[in-house]
Amino acid sequence: MPTPAPLIEELSSVLSGGSAERRSEVLRRVTDLFLATATQLGDEQVGLFDDVMEQLVDTVERYALVRLGLQLAPIGNAPRDTLGRLARHDDIDIAGPVLERSPRITDALLVEVARSKGQSHLAAIAARRHLSEVVTDIVVERGDLAVTRTVTANPGARFSATGLQAIATRACGDAELAELFAGRTDVPPDLFCAMVRDAGEIVRRRLATSAHPAVRTRLDHAVAAIGDQLVHARLHAHHGPAVRLDPDALKARLCEQARGGQRGPVIEALAAVADVPAIAVRNLIRQRSEDALLILCKAAGLGWSDAKAVLAVTLGEPEDTRAAFQRYVGLSAEVAQRVVRFIKLRKSASRSELDRLM
């Protein structure tokens, strides 16, 4: 479907001496004709439109290019060279719609723009429906925190191991990015564990209180894995590499030390068996948080008589032994594990915070 002869004649006229306003009007009419017939056009005919538009894009007013980008961006067979000119434009209002939405833009062009333009262009690329690893590598490398959040939140983005590592490093210090990172299914468990281990307290708290159950579950698994690593490291530090982790032996030692009134060793042993930092146990003792210590005993798998001995050596005999016993028996494994996970993340958790969890 060729361009009508009168329009060709007018094109020749405006190119030779027409005003920018008149050239903008001709471009609008050419674009409208293309949009009306796009589904019927073959490659050769699209190429003719491409030639015409390319002659005009450098000579028209800004508003005409903004409109052209918005109109061509969603079209599956839009003129490719014209799209390239728009995508490379410094004005993000012109380039943005094409970079974000055009299915005709190649990875090579996206990489070119990502390497050479600023953060607004990177943000548009980061929001594309589909992104390959070769593109996301550049976006993550050059993008600021806002761009990194956008591309991490993009379910259609694919990342290389290098790209994921770069995001994990940034996520250690940014709670919002960490939550987005945790929500991705393509993040390897070991990389996520490393991020959680190195993250600050604000980041960990954001993950622990996320509105997304999948994020909280993933954090639980990571904390459990990190806890295992810490317990192993603690044992190796005390007993050397030849000693293997034996939870039953640790628990037996804890009970023996509690019955023997060995307060310091009991704190260390309870921390090891319950898989929490020893400093967290000491903080709970300073706060005289009887319920929290009972929960640690429950998580450690102690019977009531041994739990009572732990309380006696750390806080003194319970004021109401019967009430303490009833609370201990009524504790569920789910509550115990939830509080333990929280204590791992918050070494200085307050009694009020623990009460809310219980």
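**A buried threonine**

Begin by selecting Thr314, which counts as buried because its relative accessibility is 6%, under the 20% limit for that class. The model in view is a predicted one. Thr314 belongs to helix α20, which covers residues 304-314.

Next, display the side chain of Thr314 together with the backbone of Val310. The side chain of Thr314 reaches the backbone oxygen of Val310 at 2.7 Å.

Which residues does Thr314 touch, leaving aside those up to four places away in sequence? Select Arg263, Val266, Ile267, Ile285 and Leu293 to see them.

**The whole chain**

Now zoom out to the protein chain, which has 23 helices and 0 strands. Of its 358 residues, 47% are buried. The accessible surface comes to about 17200 Å², and carbon and sulfur atoms account for 52% of that surface. Among contacts with a separation of 6 or more, 63% join residues 24 or more positions apart.

**Confidence along the chain**

Finally, colour the chain by pLDDT. The average is 85, and 85% of the residues score at least 70. Select helix α8 (residues 119-126), the element with the highest mean pLDDT, 98; then select helix α23 (residues 351-357), which has the lowest, 53.

Definitions and conventions
Residues are numbered from 1 along each chain as its sequence is written. This is a predicted model: local features need pLDDT of at least 70, side-chain atom pairs count only at pLDDT 80 or more; totals for chains, interfaces and linings use all residues. Side-chain values use heavy atoms; hydrogens and water are left out. Helices (H or I, at least four residues) and strands (E, at least two) are DSSP runs, numbered from the N terminus. Buried means under 20% relative accessible area, exposed over 50%, partly exposed in between (1.4 Å probe, protein chains only). Contact means heavy atoms within 4.5 Å. Accessible areas come from the Shrake-Rupley method with a 1.4 Å probe; for residues, only the protein chains shown count as cover. A polar contact is a pair of N or O atoms within 3.5 Å; within protein, one must be able to donate a hydrogen and the other to accept it, and residues adjacent in sequence count only if both atoms are side-chain atoms. pLDDT is the predictor's confidence in each residue, from 0 to 100.
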